[in-house]
Amino acid sequence: MKNANDILVIGGKKFKSRLLLGTGKFPSPKFVTEAIKASGSELVTVALRRVDLTSKNYNILSYIPKGVTIMANTSGARNAKEAVRIAKIARAAGCGNFIKVEVINEMKYLMPDNEETIKATEILAKDKFVVLPYCMADLVVAKKLQDSGAAAIMPLGSPIGSNKGLQTKELIKMIIENAAVPVIVDAGIGRPSHAAEAMEMGADAVLVNTAIATAQDPVLISRAFSLAVQAGRFSYLARAREEQKYASASSPLTGFLLTEK
Amino acid sequence: MIKLKLNGKDEHFKSALTILGLVKSKKLVPETIVVEHNGNIVDRTKWDKVKLKNTDAIEIITFMGGG
């Protein structure tokens, strides 16, 4: 079967699952473990934060099953310099060399600062990080990120946490058609059907967080996302036909009724 | 008495202490945190060797859920 060897490779690392999972906003950390297992995800994101010295802290890493690749994000970074600093802390903390570059300084729609993201990507890629930048769905930005050494491009479907799905669909298609590295739709995916849609149009993977973490049943929806991503991927590989303007009969029109007039 | 900038806030300590001493005094679990001393990450194995000086900046960082 064609899909038996359908492996996603990012930064030389192989992944069978094409669903990346964010670990924020879960009702409690134990749901993170269960959601990762139910989703089959092999690549999950975490964030770095100052320890709250006034209350009890837990470390999310201890809730991530063994064998799952951990990718710190640079959330909180407002420019390239801060993103680079966060990435270095994450690596020094034993988080591996996968880093999601996320640079945001606009707090209403949380749009990424593409210029700073490109700068950070270049610096970190040179420093042997596997860089996955979160960016606007823009072909030229994607090209620059790729040239800067990005291991994958992560264009947004719609604003973070908005659940609005693929509002940038046509723009993401342009990136998919032209990128030499994997394209992962990140942000805005609110339902499994959105994930299937992204995969069906040829995205290499999707990254989901809010939609899973804030569902009433995060574990069940993890499974739903896993199936949706697989369904979309299989559909893409099977090369589903394009829409047609007119009907085309699925049953043979033998015409014998006409002769019995 | 020394003054440290601990996670962005000034805090006073009665006597000089090491990073390890600071971590212990805050009842933190070493394996779950990263310590930055004046902008440089200090390896956990060296925490007991780094003596903190007046006005040093310390950042204590951990991993949280994030997307």
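Author: Let us start with the elements: helices (H or I, at least four residues) and strands (E, at least two) are DSSP runs, numbered from the N terminus. From its N terminus on, chain B runs β-β-α-β-β-β, which comes to one helix and five strands. Before we go on, note that this is a predicted model, in which local features need pLDDT of at least 70, side-chain atom pairs count only at pLDDT 80 or more, and totals for chains, interfaces and linings use all residues. Residues are numbered from 1 along each chain as its sequence is written, and chains are lettered from A and ligands numbered from 1 in the order in which they are written.

Reader: Which radius of gyration does chain B have, and what would a compact globule have?

Author: The radius of gyration is taken over C-alpha atoms, and the globule rule is 2.2 Å times the number of residues to the power 0.38. For 67 residues a compact globule would have a radius near 11 Å, and chain B agrees with that at 12 Å. Along its principal axes, the C-alpha trace of chain B spans about 40 × 25 × 20 Å.

Reader: How many of the residues of chain B count as buried?

Author: A residue is buried if 20 or more other C-beta atoms lie within 10 Å of its own, exposed if 12 or fewer, and partly exposed in between, with C-beta atoms placed from the backbone. In chain B, 27% of the 67 residues count as buried.

Reader: Which strand of chain B pairs with S4(A), and in what sense?

Author: Two strands pair if DSSP finds at least two bridges between them. S4(A) pairs with strand S5 (residues 57–65) of chain B in the antiparallel sense, over five bridges. You can find A:Ala47 opposite B:Met64 of S5(B).

Reader: Now chain A. What do S9(A), H6(A) and S10(A) make?

Author: A crossover is right-handed if, with the strands pointing away from the viewer, the path from the first strand over the helix to the second runs clockwise. S9(A), H6(A) and S10(A) make a right-handed β-α-β unit. Its strands, S9(A) and S10(A), run parallel and are joined by three bridges; one pair of bridge partners is A:Ile184 and A:Ala205. S10(A) also pairs with strand S3 (residues 19–22) of chain A, in the parallel sense over three bridges, and there A:Leu19 has A:Val206 as its partner.

Reader: Is helix H6(A) mostly covered or mostly open, and what does it pack against?

Author: H6 (residues 192–200) is mostly covered, with seven of its nine residues buried. Among them are A:His194 and A:Glu197. The buried residues of H6(A) pack against strand S9 (184–186), strand S10 (205–208) and helix H8 (218–237) of chain A. S10(A) is covered on both faces: A:Ala205 and A:Leu207 are buried on one side, A:Val206 and A:Val208 on the other.

Reader: Which residues have the most contacts inside the largest nonpolar core?

Author: A nonpolar core is a set of buried Ala, Val, Leu, Ile, Met, Phe, Trp, Tyr and Cys residues joined through C-beta atoms within 7 Å. The largest has 97 residues, and A:Ile99, A:Ile184, A:Ala203 and A:Val206 have the most contacts inside it. H2(A) brings the largest share, six residues. Leaving aside neighbours within four places in sequence, A:Ala203 is in contact with residues including A:Ile172, A:Val183 and A:Ala198.

Reader: What phi does A:Ala187 have, and is this residue buried or exposed?

Author: A:Ala187 has a positive phi of about 80 degrees although it is not a glycine. This residue is found in the loop between S9 and H6 of chain A and is buried, with 28 other C-beta atoms within 10 Å. A:Leu110, also not a glycine, has a positive phi of about 55 degrees, but A:Leu110 is partly exposed, with 17 other C-beta atoms within 10 Å.

Terms used
Two residues are in contact if their C-beta atoms, placed from the backbone, lie within 7 Å.
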